[in-house]
Amino acid sequence: MSRPDGDGPPRDQAPRMPRDQGAISLIRLVAPEPPPAEELESRPSATEALPALDLDSLFRRYSSYVAAIAYRLLGRDDEVDDTIQEVFLAAVRGVHAVRDPAAVRAWLARVTVRAARQRLRKRRLRSFLGLDEPTTYDAVIDRSATAEQRALVARVYRVLDGLPANQRIAWSLRHIEGEALEDVALLSGCSLATAKRRIAAAAHQIEEAFADV
Amino acid sequence: MSDLADRVEQTRELIEPNWTPERESRVRGAVLAGLQRQRRRRTALAVAAGAAILLLGIFLGRRETAVARAPMPEAPVLVRLVDGSVVTALSTDARVESVAIGPHAVTLQLDKGSAHFVVTPNPERPFRVLAGEVTVTVLGTIFDVTIEPTGVRVGVERGRVRVTSQSDARELGAGQAGFFAITAPAAAPSAAPVPAIPEVEVTDLADVAARPGAHAAPSWRALAQEGAYGPAFARLAAEGPNAVRDTPEDLLLAADVARLGGHPERAVPLLERVMSGHPFDSRAPLAAFTLGRTLLEQLGRPRPAARAFATARQLDRAGALTQDALAREVEAWSRAGEAEKARERANEYLKRYPTGRRAAAVRRLGGLE
């Protein structure tokens with residue numbers, strides 16, 4: 001999240017991370033942001049155990065990050081807030097099991113993926129029962145996008161709605177979130193081979209859907 | 001990778017939620033509420049289980065000498081200091097920020113909501129809590145402070161405190177609570193839009209008793225040194241325009257009184273006077289830096305804040321503040337919507353301090369992620 005206040009550089013001007021670096025971003029670049037100097041004492045030091053990871057600290061540091069992952073996986077802004085709540089409530093219960101504070105970011109990403117998967121499964125069930133409101137996904141992309149980009153992304157998300165949750169998540173992590181294959185597997189909680197298979201299956205269906213246009 | 005996937009990847013930067021500070025605050029409140037609901041459920045279950053065990057014990061004719069008490073709901077920790085002092089939230093919207101934490105004093109600010117303060121006794125390190133114009137000063141006790149729409153509520157769990165407001169003065173002992181209703185706004189006119197919180201000072205009586213001359217009317221400087229910024233501001237305003245000497249020390253102290261006493265706009269000319277009238281004083285860069293923080297955090301004026309941080313860097317010949325001032329300048333330009341300037345300063349920061357303690361935030365705020 002490069003624009004916490006909504007007034008950062010235009011997205012099309014923002015420097016884009018090269019593919020290889022982007023691929024390792026989620027897992028390896030997990031060092032938490034150092035706190036401002038004046039807050040150093042209000043947060044436990046690095047030598048203390050994990051009481052530093054209280055909810056407020058976690059939320060301030062990682063909520064925008066979790067929001068971005070949830071948004072890209074779900075494609076619906078109105079589901080993001082609830083997902084964040086689920087993630088941070090789970091975080092309060094489970095984050096103390098994370099022994100390395102530097103791993104918290106990646107751990108939260110995995111929790112977010114799990115929460116998104118549950119939501120996507122419920123959404124598919126509701127859709128199957130005719131209870132899910134159809135979504136156009138026209139607003140999922142920023143207003144500064146071109147009409148072509150807007151149409152492309154909206155159509156991709158509509159096609160993703162028809163995929164099984166695991167395939168959708170694997171493909172989204174790979175191509176929307178920009179993760180490396182190994183990281184897609186780690187975040188999805190499956191083997192590398194399974195991750196590849198899911199991505200390929202999703203890609204096949206998406207390309208078929210686009211071929212019909 | 002297919003052409004389609006490639007085209008989607010090119011839109012990645014454009015697929016982001018509108019994650020504003022207001023939204024963040026709202027969701028955080030919902031998380032805290034959810035957490036409290038969970039804890040209440042757990043507590044209720046524990047109580048029910050305890051009651052069931054007790055009833056079973058009675059039923060079986062056993063003499064239970066002690067029944068395990070249900071655990072108290074664990075409130076979220078807002079601040080934990082290394083001396084053991086802890087601040088926990090009593091309401092879902094409670095928010096506490098550190099103003100100054102040093103070896104000789106601790107000052108925290110309760111922005112909103114209700115919080116529980118457990119202060120480890122240390123006569124050498126007064127512990128102050130600011131809540132709007134409320135100042136709570138203690139040496140070691142347990143108390144709650146709650147900002148309510150019509151006043152301030154103070155509850156004492158341990159120790160004995162004196163609570164004074166403009167229209168009331170009472171002593172509260174352990175187990176007692178007092179509500180101090182809103183009275184007329186402070187004597188000094190203020191541009192601040194929210195004079196809703198009455199000026200209340202809570203002082204640990206042990207501290208007062210130990211202080212020589214405690215009953216004499218203290219000057220604004222004495223009040224400020226004690227951390228009673230609300231009363232100090234009222235006294236300062238009453239003493240008139242000549243109350244502050246044109247020295248960096250007095251100007252900075254008066255600025256602290258205004259800034260921490262709920263009148264940040266009054267701190268601006270005082271800090272500017274230090275910068276313009278005493279530019280070669282070693283405290284001038286600190287004045288500029290404080291001005292930047294006041295403008296940015298309290299007055300919501302990021303553009304002049306950015307300029308103040310830039311001035312702080314120029315004045316800071318010793319270099320002690322330069323890194324933080326540069327990082328803050330990035331933040332201020334970012335908040336002002338000046339993305340290009342934010343990026344320039346961010347690049348400058350990262351060039352000078354590639355592993356600086358604010359590098360990650362600078363990268364984010366400068367749009368370099």
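**Chain A, then a helix in chain B**

Modeller: To begin with, 37% of the 213 residues of chain A count as buried. Keep in mind that this is a predicted model.

Colleague: How many helices and strands in chain A?

Modeller: Chain A has 8 helices and 0 strands. Along the sequence the pattern reads α-α-α-α-α-α-α-α.

Colleague: And what share of its contacts with a separation of 6 or more comes from residues 24 or more positions apart?

Modeller: In chain A that share is 63%.

Colleague: At what angle do H2(A) and H3(A) cross?

Modeller: Roughly 135°, with the axes of H2 (residues 55-74) and H3 (residues 80-94) of chain A coming within 9 Å. That angle makes H2(A) oblique to H3(A). The crossing is right-handed.

Colleague: Which residues meet there?

Modeller: From H2(A), among them Leu55(A), Leu58(A), Phe59(A), Val66(A) and Leu74(A); on the H3(A) side, residues including Val80(A), Ile84(A), Val87(A) and Phe88(A). The residues of this contact divide into 14 nonpolar, 2 polar and no charged.

Colleague: Switching to chain B. What span should H11(B) have, at 1.5 Å a residue?

Modeller: H11(B) has 14 residues, 339-352, so it should span 20 Å. Its end C-alpha atoms are 20 Å apart, which agrees.

Colleague: Which of its residues are buried?

Modeller: In H11(B), Ala339(B), Ala342(B), Arg343(B), Arg345(B), Ala346(B) and Tyr349(B) are buried.

Colleague: What covers them?

Modeller: The cover over the buried residues of H11(B) includes helices H10 (322-335) and H12 (359-365) of chain B.

Definitions and conventions:
Residues are numbered from 1 along each chain as its sequence is written. Chains are lettered from A and ligands numbered from 1 in the order in which they are written. This is a predicted model: local features need pLDDT of at least 70, side-chain atom pairs count only at pLDDT 80 or more; totals for chains, interfaces and linings use all residues. Helices (H or I, at least four residues) and strands (E, at least two) are DSSP runs, numbered from the N terminus. The expected span of a helix is 1.5 Å times one less than its number of residues. A residue is buried if 20 or more other C-beta atoms lie within 10 Å of its own, exposed if 12 or fewer, and partly exposed in between; C-beta atoms are placed from the backbone. Two residues are in contact if their C-beta atoms, placed from the backbone, lie within 7 Å. Axes are lines fitted to C-alpha atoms, for helices over the stretch in contact, and angles run from 0 to 180 degrees between N-to-C directions. Angles under 35 degrees count as roughly parallel, over 145 as roughly antiparallel, 65 to 115 as roughly perpendicular and the rest as oblique. A crossing is left-handed if the near helix is turned anticlockwise from the far one by less than a right angle, and right-handed if clockwise. Ala, Val, Leu, Ile, Met, Phe, Trp, Tyr, Cys and Pro count as nonpolar, Asp, Glu, Lys and Arg as charged, and the others, Gly among them, as polar.
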